[in-house]
Amino acid sequence: MSDKRTASVAQLRKVAKVGDAASSALQTVLRPARNLGFPYRRPSRPKGVVMPPEKNTLGSDFDTAWARKAPARAARSVITRGPMAAMVKAIANPEVEGLDRLHDLLEQDPLPAVIFAPNHHSHVDTPLIISVMPTEFRKKLVIAAAADYFFDTRVKGTLSALALNAFPIEREVTTRKSSDELRRLIDTGWSLVIYPEGGRSPDGWGQEFKGGAAYLSGRTGVPVVPVFIDGTGSIYGKGMKRPKPGATKVVFGSPLWPEDGENTRRFNARIEAAVTALGDEALTDFWTARKNAAAGANPKLTGPEYNSWRRQWALAEHRKLGKAGQRRRQRRRWPDLG
Amino acid sequence: MPRPGFVHEVDRSTPPVLFWRGENFSLEKLPVGRSRVIYPPEPLPAIKDIDGAIRHALLNPHDQDPLPALLFPGMKLTIAFDDVSLPLPKMRRPDIRQRVIEAVLDLVAAAGVDDVHIIAALGLHRRMHEYELRHALGDRVYDAFHPRGMLYQHDAEDHDNLTIIGTTDHGEVLEINKRAADSDLVIYVNINSVSMDGGWKSITTGLASYRCLSHHHTGETLQNTKSLMGHREHSALHKSIWRLGKVLRDHGPKLFQIESTLNTDMFPEQFSFINKREWEWTAKDRATYLGVTKGLNMLPVKARRKMFHDIQSPHQMTSVQAGETSAVHEITLAKVFEQQLVPVEGQTDILTLGIPFVSPYNPDSVMNPVLVMCMGLGYLFNMYRNKPLVREGGVIIMTHPTYRDFNPVHHPSYIDFFEQVLTDTTDPVVMGQKWEKQYAEDEWYRHLYRTGNAYHGVHPFYAWYWGAHGQQHAGKVIIVGGDAPTVRRLGFTPASTMDDAFEIASDVVGRTPTISHLHVPSLLVADVQ
């Protein structure tokens, strides 16, 4: 026993010696560089001078044009089909409905640009919708992503642009620049996923829709496809530390075009109503949802009006009806009768 | 702009012509100078905004109030739709029926109607499998209605749920589905692939009982149906159905008929050579043809069958109209003929037909020998207006392997019909008198029809009657490439090759007969002057 311990101590000493030697060699190499000054290093700033403001390259100013060029698209295609699809399957196990409603769009040549407008509960939503949508749209797809969250550092921004083809937009006020750029992208055939709620749900219920999708559709004339995503909130909702695998359902709705004379606000309300009806369809069935829609009785995505523990309580009941509830069902165990 | 159909006179430079042979094809050389090939018109362009067109049809019907005006809360509404026999091959999802029914349900929901039943109008056809219902109606409609018992299939033998509407002046009793009869409104969702379908035929056959159908589905009636696809006044079958339709209109529930027509874009891109004229085949088409035919020869029959029945056709809607049945049907017929009609001068001594892998009675199933007869003499022979393409006493040559093979789940009574009835007689009138009742009232067949996926016991008789006029009209029927004993059982003559068939035909039509070849697919109706 003592022989073994002596041998392992000797080995550790050897490793430590090698480490010391490597460290001193590195210092020897780097010493001349450390001594080098400007222009090899950043210039010192004289006192009393006013520096011109640095050009911001983060947030909504993050340049993502490179992510729509061929090499990045090829890389993204590999990422989407490989690790992303595997991750979505493992974590979210999606069931997809309503793709037939996109049939007429898919038949058009050239393929028209489309604005997908899903509800938003989780970071899983984006990879999920990318992996379940028809490949034709996926090939030329931009994701509108919160500039303050996904593009606040260079690494996050680069990864988001490469893997998701994310495009930075301000959550609260869409700047003229990002709005013009999105219009330009749509006009050149890029489809867009934009979350009209503006961000993930803070409490598990949905939020009021903002008018971004309706505005862009009105300006460009492309249809908005309402999408309802169910189940991602309990997989990796806002505030969760790590994902909890479960089942999800994605329901695509019929494309909507702005009607003659319809302003952005009204069209936005129609998009919200369509996603709400799809939510009802996902939890019940097509006929019940249509009847409720006609009577204006689809359960609201934003949940009950009251704001107390009862809201959370109702959320738990609501989730039991959907895909998230399926995970909680106990497996039946039959008694062993010998 | 699609090109119209045309008649090509075969000359020395004409390449061999494509023939169906069941689950394969062949190229046959037709005699020069006395043969002609009738090519179908190219597919008409589909409607661009199909959902918009459907909605427009529902809101602007012919000779009828707009659909929303016919709906009210508390009413009893029945929606009936054509079964799996249409269209062929099955169309890519979403099916027309799904689109129409979803559009109807939108209006129905807005009107606050709760009591809605959706019924597959089978007549005496087999019940549809769940996957077929899902294909025709879409998952949304199926999942919403089927679990609640609001989507089901018509049962022509459920006497508790059938009701008599009235009797025609010819003594024909109209007995239809009770739920439909008791409804405040019946909406019928139809697909018109051929001019024979639609109109009053939709409800008076699709939702009728055996008793009702037995008035006009007889050997005599079909022998006197001289124009199944053309003029109704020359069709004893349609005259009877229109009489029943009058009874339905006068004494039955309020009806709202929705009819749609399809273009003839029947096969997907990988089979593009099928729809082309042979001299227009590109190198790719030729390579595809060779690859397909050689490949199919190496496959077992079951695999070939599966491959063909899995085809989902790209054909699309060319028109949709709604309203009063007769008014709607006239527009539908005009649209069907716009797509399918080809003017042809005069009759010939011989008509050649390639028989495909599918008929209206074997979707996802086996094309058994009885259905080969039905498809050849019942359907393809009848694809004419005015006069048949072949003269009376002429010869019909068909190409098909004619296996002695049946699907026991879908066609149980066909097996006994082939072994018992056809060994006794091939005369439709005689077999009707001698055998039909026994098959129609057989308890086991009735049970299989009502609870399984079998065609009604009497259905092989109806399939046989369908070819009654062709059988009576032709002097001889030859099947090229068929199983010889099976072909003889059908009362036809087997031949190994097309040249042999012409040789055999010379006994009837002489050494230099004139020949017409009906180039199917796609669908065409020869307007014979």
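This is a predicted model: local features need pLDDT of at least 70, side-chain atom pairs count only at pLDDT 80 or more; totals for chains, interfaces and linings use all residues.
Colleague: What average pLDDT does chain B have?
Modeller: For the complex, the predictor gives an ipTM of 0.77 and a pTM of 0.85. In chain B, 100% of the residues score at least 70, and the average is 95.

Colleague: What radius of gyration does chain B have?
Modeller: Its C-alpha atoms fill a box of roughly 70 × 55 × 45 Å along the principal axes. The radius of gyration is taken over C-alpha atoms, and the globule rule is 2.2 Å times the number of residues to the power 0.38. For 529 residues a compact globule would come out near 24 Å, which agrees with the value for chain B, 22 Å.

Colleague: Is strand 11 of chain B enclosed by the rest of the structure, or exposed, and how many of its residues are buried?
Modeller: A residue is buried if 20 or more other C-beta atoms lie within 10 Å of its own, exposed if 12 or fewer, and partly exposed in between, with C-beta atoms placed from the backbone. B:Leu255, B:Gln257, B:Glu259 and B:Thr261 point one way and B:Phe256, B:Ile258, B:Ser260 and B:Leu262 the other, and all are buried. So strand 11 (residues 255-262) of chain B is largely enclosed by the rest of the structure, its buried count being 8 of the 8.

Colleague: Which strand of chain B runs antiparallel to strand 11 of chain B?
Modeller: Two strands pair if DSSP finds at least two bridges between them. Strand 10 (residues 185-192) of chain B is the parallel partner, over 7 bridges, with B:Val186 bridged to B:Leu255. On the other pairing, B:Leu262 stands opposite B:Met317. There 6 bridges join strand 11 of chain B to the antiparallel strand 12 (residues 317-323) of chain B.

Colleague: Which strands stand at the edges of that sheet?
Modeller: The open sheet has 6 strands in the order 7-6-5-10-11-12 (chain B), with mixed pairing. Each edge strand has a single partner, so one side of each is left without a neighbour in the sheet: these are strand 7 (151-153) and strand 12 of chain B.

Colleague: Which helix of chain A gives the most residues to the side that touches chain B?
Modeller: Two residues are in contact if their C-beta atoms, placed from the backbone, lie within 7 Å, and the contact takes 12 residues from chain A and 14 residues from chain B. On the chain A side, helix 3 (103-107) and helix 12 (286-294) each give two or more residues. The biggest contribution, 7 residues, comes from helix 12 of chain A.

Note on methods
Residues are numbered from 1 along each chain as its sequence is written. Chains are lettered from A and ligands numbered from 1 in the order in which they are written. pLDDT is the predictor's confidence in each residue, from 0 to 100. Helices (H or I, at least four residues) and strands (E, at least two) are DSSP runs, numbered from the N terminus.
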